[in-house]
Amino acid sequence: MKTIYRAAHHGNNHLEWESENTLRIENWSEYSDETMTLNIDDEIYDGRGWACKSLRMKDQYVRCLSPEK
């Protein structure tokens with residue numbers, strides 16, 4: 001088991017498998033949208049950006065995504 005998505009709850013949530021390895025995660029409100037489509041084998045989304053900066057975690061994923069600031 002592993003975490004592939006971490007973000008604050010924005011009110012409207014929906015999960016949908018697009019393929020065997022691709023998961024679409026909807027997480028949005030009228031003020032914020034952290035909707036993401038991820039390849040669960042090698043991508044992670046961290047709404048705080050901590051996983052992408054972590055020396056321990058950064059080598060576990062091909063792509064580590066976080067919101068642009």
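This is a predicted model: local features need pLDDT of at least 70, side-chain atom pairs count only at pLDDT 80 or more; totals for chains, interfaces and linings use all residues.
Which side chain does Arg-6 meet in a salt bridge? Asp-46. I'll come back to that pair.

Three strands make an open sheet, ordered β1-β5-β6, with parallel pairing. The edges are β1, residues 5-6, and β6, residues 63-65. Each of those two pairs on one side only. Between β1 and β5, residues 43-46, there are two bridges. Tyr-5 has Tyr-45 as its bridge partner in β5.

Stay with those two tyrosines. A search of the whole structure turns up one aromatic pair. Tyr-5 and Tyr-45 form it, and it is stacked. The centres are 5.2 Å apart, with 25 degrees between the planes. The stacked label follows because planes under 30 degrees apart count as stacked.

Now the core. Nonpolar side chains tend to be buried together in soluble globular proteins. Here, the largest nonpolar core has eight residues. Both tyrosines belong to it, Tyr-5 and Tyr-45. Two elements give two or more residues each: β3, residues 22-28, and β4, residues 36-39. Take Ile-4. Beyond its neighbours within four places in sequence, Ile-4 is in contact with Leu-23, Leu-38, Ile-40, Glu-43, Ile-44 and Tyr-45.

Next, charges. The structure has two salt bridges. Back to Arg-6 and Asp-46: N to O is 3.0 Å. This pair also ties β1 to β5, with Arg-6 and Asp-46 40 residues apart. Are the two ends buried or exposed? Arg-6 is partly exposed, because its relative accessible area is 35%. Asp-46 is at 2%, so it counts as buried.

The other salt bridge joins Arg-24 and Glu-26, with the closest N and O atoms 3.5 Å apart. Arg-24 has a relative accessible area of 28%, so it is partly exposed. Glu-26, at 23%, is partly exposed too.

Last stop, Arg-48. Where is it? In the loop between β5 and α1, residues 50-53. Arg-48 counts as exposed because its relative accessibility is 52%, and the cut-off for exposed is over 50%. Arg-48 and Ala-8 are 40 residues apart in sequence. In space, C-alpha to C-alpha, Arg-48 and Ala-8 are 8.8 Å apart.

Notes: Residues are numbered from 1 along each chain as its sequence is written. Side-chain values use heavy atoms; hydrogens and water are left out. A nonpolar core is a set of buried Ala, Val, Leu, Ile, Met, Phe, Trp, Tyr and Cys residues joined through side-chain atoms within 4.5 Å. Buried means under 20% relative accessible area, exposed over 50%, partly exposed in between (1.4 Å probe, protein chains only). Helices (H or I, at least four residues) and strands (E, at least two) are DSSP runs, numbered from the N terminus. Contact means heavy atoms within 4.5 Å. Two strands pair if DSSP finds at least two bridges between them. Rings of Phe, Tyr and Trp (its six-membered ring) pair if their centres lie within 6.5 Å; planes under 30 degrees apart count as stacked, over 60 as edge-to-face and the rest as tilted. A salt bridge is a side-chain nitrogen of Lys or Arg within 4 Å of a carboxyl oxygen of Asp or Glu.
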